[in-house]
Amino acid sequence: MKIGVIGGGQLGRMLALAGTPLGMNFAFLDPAPDACAQALGEHIRADYGDQDHLRQLADEVDLVTFEFESVPAETVAFLSQFVPVYPCAESLRIARDRWFEKSMFKELSIPTPAFADIQSQADLDAAAASIGLPAVLKTRTLGYDGKGQKVLRAASDVVDAFAELGSVPCLLEGFVPFSGEVSLVAVRGRDGETRFYPLVHNTHDSGILSLSVASSDHPLQALAEDYASRVLNKLNYVGVLAFEFFEVDGGLKANEIAPRVHNSGHWTIEGAECSQFENHLRAVAGLPLGSTAKVGESAMLNFIGEVPDVRKVMAIDDCHLHHYGKAFKVGRKVGHATLRCADRATLDAKIAAVQALIAQA
Ligand code: AMP
């Protein structure tokens, strides 16, 4: 089976690493000459709107999937004429726009921060008055890793904030005084079967995920699964979907969904019976889903900007290095390490050891 992937970054690369042993081949469509997934499959170097190359991809593969959600709607619609596309166009339409996403949470009675659509500075002034400060202004589309957003704490921050984010459609959200951030990685097959990984506790550094720790028997697991199920069923979703939540007042508030494999699920490569990457491929290919059970205490640490001394990383027992083969650049995710240990105390000690290497890099 040949799988077409829109995007050829590290997520595409890890999909291919998981799918190759299943007998799958891969083609990646990505305009970047140095797309790091090209080491694992064919690289169709073209823009996402290039219909000739999209048609070439569609003709070559059995199905198409995505490694990022900001794919133009026309690209998805065009491909869907010729080849099965998972997840479906509607899932991408909702997930790529924070207004559609938050409106869906509201419709499904999933708690989420107060929010308002912002098309102008006048809209922002009115929404800041009704939602109150602090609040977070976010571009409706194309935001990631803390980019395209601004925390508004004082009235002076509101003045000109719309222009500062580029005068594009935005969303204003109430600021959530969360005690933690967790994510749930779910997978749903073509037949509707759904499985969930354990909730993951996430820590960010300057808006970028730095550490994910898989939980054991998290008290909010069932609630998170309930909320995620509502979304998966509403969208008739196929594939892996990640759901990010704020932990607040002993409950959960939905932040966002990602209609793809997710950074907070990388620990599953070594830490779960079947990784998120393999399960995404199983789901889109119509194969039986794999077990989402943890196989130890597990955590993932991102390497941002550069990979620390690989000899030292590899010298830590129970530590698995993932080097994406990308050029090092400030703020760029260039690799990660997964830890898998027998008990939590050992895991915590090893997290500290990897963090020390990251600090030295
Ligand atoms: P996002 O791109 O929406 O995932 O936001 C990036 C990060 O900003 C989140 O992981 C939170 O740490 C923080 N953040 C986003 N929205 C809010 C909010 N409404 N209240 C408090 N913190 C937020």
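Predicted model: local features only at pLDDT ≥ 70, side-chain atom pairs only at ≥ 80, totals over all residues.
A residue is called buried when its relative accessible area is under 20%.

**Helix H11 and what follows**
- The buried residues of H11 are Gln276, Phe277, Glu278, Asn279, His280, Leu281, Ala283 and Val284.
- After H11 comes glycine 286, which has a positive phi, near 75°.

**Helix H1**
- Helix H1, which spans residues 10-19, is mostly covered, with nine of its 10 residues buried.
- Among the buried residues of H1 are Gln10, Leu11, Gly12, Arg13 and Met14, and the list also includes Leu15, Ala16, Ala18 and Gly19.
- The elements that cover these buried residues include helix H11 (276-284) and helix H10 (268-271), together with strands S1 (2-6), S2 (25-29), S16 (319-323) and S17 (333-341).

**Glycine 296**
- Glycine 296 lies in the loop that runs between H11 and strand S15 (297-304).
- Although 25 residues separate glycine 296 from glycine 271 in sequence, their C-alpha atoms are 6.2 Å apart in space.
- When residues up to four places away in sequence are left aside, glycine 296 touches Gly271, Arg340 and Cys341.

**Domains**
- The domain assignment divides the protein into domain 1 (2-85), domain 2 (114-174) and domain 3 (180-360).
- The centres of domain 1 and domain 2, taken over C-alpha atoms, are separated by 34 Å.

Methods: Residues numbered from 1 in each chain as written. Heavy atoms only, no water. Buried < 20%, exposed > 50% of the residue type's maximum accessible area, 1.4 Å probe, protein only. Helix = DSSP H or I, 4+ residues; strand = E, 2+ residues; numbered from the N terminus. Contact = heavy atoms within 4.5 Å. Domains from an automatic or database assignment.
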